[in-house]
Amino acid sequence: MDIPYCIPNLHHYFPPTQAIHGYRETERLQWGAASENILRRVRTVAFPEGSPLLGPVHVLDLDKKGYIKPHIDSVKFCGSTIAGLSLLSDSIMRLVPENNTTDRVDLLLSRRSLYILRDDARFKFTHEILKDEESFFSGQKVPRHRRISVICRNLPM
Ligand code: OGA
Ligand code: MN
């Protein structure tokens, strides 16, 4: 497989360094059969056919107190689509238009759900994962526990 980088620190490539707090992470190219099946399903729904994918899948383990500040993933290293599975905990992802930071859309990412950020949502909005104490949806508290996300990305055109 032709992967155009090696990774000393993943977050030099995806969001800017310092965007993510209280985490550990890894990336993985080879998965067991059961996981590979799930990833195949994710890729089938998330990416246009034939779209070249970033080979390694990114796994991000956010501590209960961990959070992700607003950022846009690197346009140099990642393409039009970011697809993420949320595991272990519900969380709130906030999208804010880059050119109007008084607007926002909050998404409830239920544990075991898949989100897909594509095109404008990926390029024109920052995304972030709120801290436990800021985690509300429709006025309801959404407790944030430890959360693991499994993120697939494609390559820039
Ligand atoms: C990232 C990111 C979101 C998530 O690593 O760039 O935005 O679902 N992750 O963990
Ligand atoms: Mn991101």
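This is a predicted model: local features need pLDDT of at least 70, side-chain atom pairs count only at pLDDT 80 or more; totals for chains, interfaces and linings use all residues.
A pocket is an open set of grid points, placed over the protein atoms alone, that has protein on both sides within 12 Å along at least five of seven lines, and its lining residues are those with an atom within 4 Å of a point.

**The largest pocket**

The largest pocket holds about 270 Å³ of space, and 13 residues line it, with Ile38, Leu39, Arg41, Val42 and Leu85 lying nearest its centre. Two or more lining residues come from each of helix H1 (33–46) and strand S3 (81–87), and H1 is the element that gives the most, with 6 residues. When the lining is sorted by class, 9 of its residues are nonpolar, while 2 are polar and 2 are charged.

**The manganese site**

Which protein atoms are the donors of the manganese ion (ligand 2)? They are NE2 of His71, OD of Asp73 and NE2 of His127, which lie 2.1 Å from the ion. Along the chain, these donors follow the spacing H-x1-D-x53-H. Because His71 belongs to strand S2 (residues 57–71) and His127 to strand S7 (residues 125–129), the pair ties together parts that are 56 residues apart in sequence. Both of these histidines, His71 and His127, are buried, a word that stands for a relative accessible area under 20%.

**Around ligand 1**

There are 14 residues around ligand 1, and those that come nearest are Tyr115, His127, Arg147, Ser149 and Arg153.

| Residue | Distance to an oxygen atom of ligand 1 |
|---|---|
| Tyr115 | 2.6 Å |
| His127 | 2.9 Å |
| Arg147 | 2.9 Å |

Arg147, in turn, has a link to another residue of the protein, for its side chain and that of Ser91 are joined by a polar contact of 3.0 Å. Ser91 is placed in strand S4 (residues 91–97). Is Ser91 buried or exposed? Its relative accessible area is 0%, so Ser91 counts as buried.

Conventions. Residues are numbered from 1 along each chain as its sequence is written. Chains are lettered from A and ligands numbered from 1 in the order in which they are written. Side-chain values use heavy atoms; hydrogens and water are left out. Donors are N, O and S atoms within 2.8 Å of the metal (3.2 Å for Na, K and Ca); water is not among the atoms, so sites may look incomplete. Helices (H or I, at least four residues) and strands (E, at least two) are DSSP runs, numbered from the N terminus. Buried means under 20% relative accessible area, exposed over 50%, partly exposed in between (1.4 Å probe, protein chains only). On a 1 Å grid over the protein atoms alone, a cavity is a set of points where a 1.4 Å probe fits but cannot get out, and a pocket is an open set with protein on both sides within 12 Å along at least five of seven lines; lining residues have an atom within 4 Å of a point. Grid points are joined across faces, edges and corners, and a volume is the space filled by probe spheres set on the points. Ala, Val, Leu, Ile, Met, Phe, Trp, Tyr, Cys and Pro count as nonpolar, Asp, Glu, Lys and Arg as charged, and the others, Gly among them, as polar. A residue is near a molecule or strand if one of its heavy atoms lies within 4 Å of it. A polar contact is a pair of N or O atoms within 3.5 Å; within protein, one must be able to donate a hydrogen and the other to accept it, and residues adjacent in sequence count only if both atoms are side-chain atoms.
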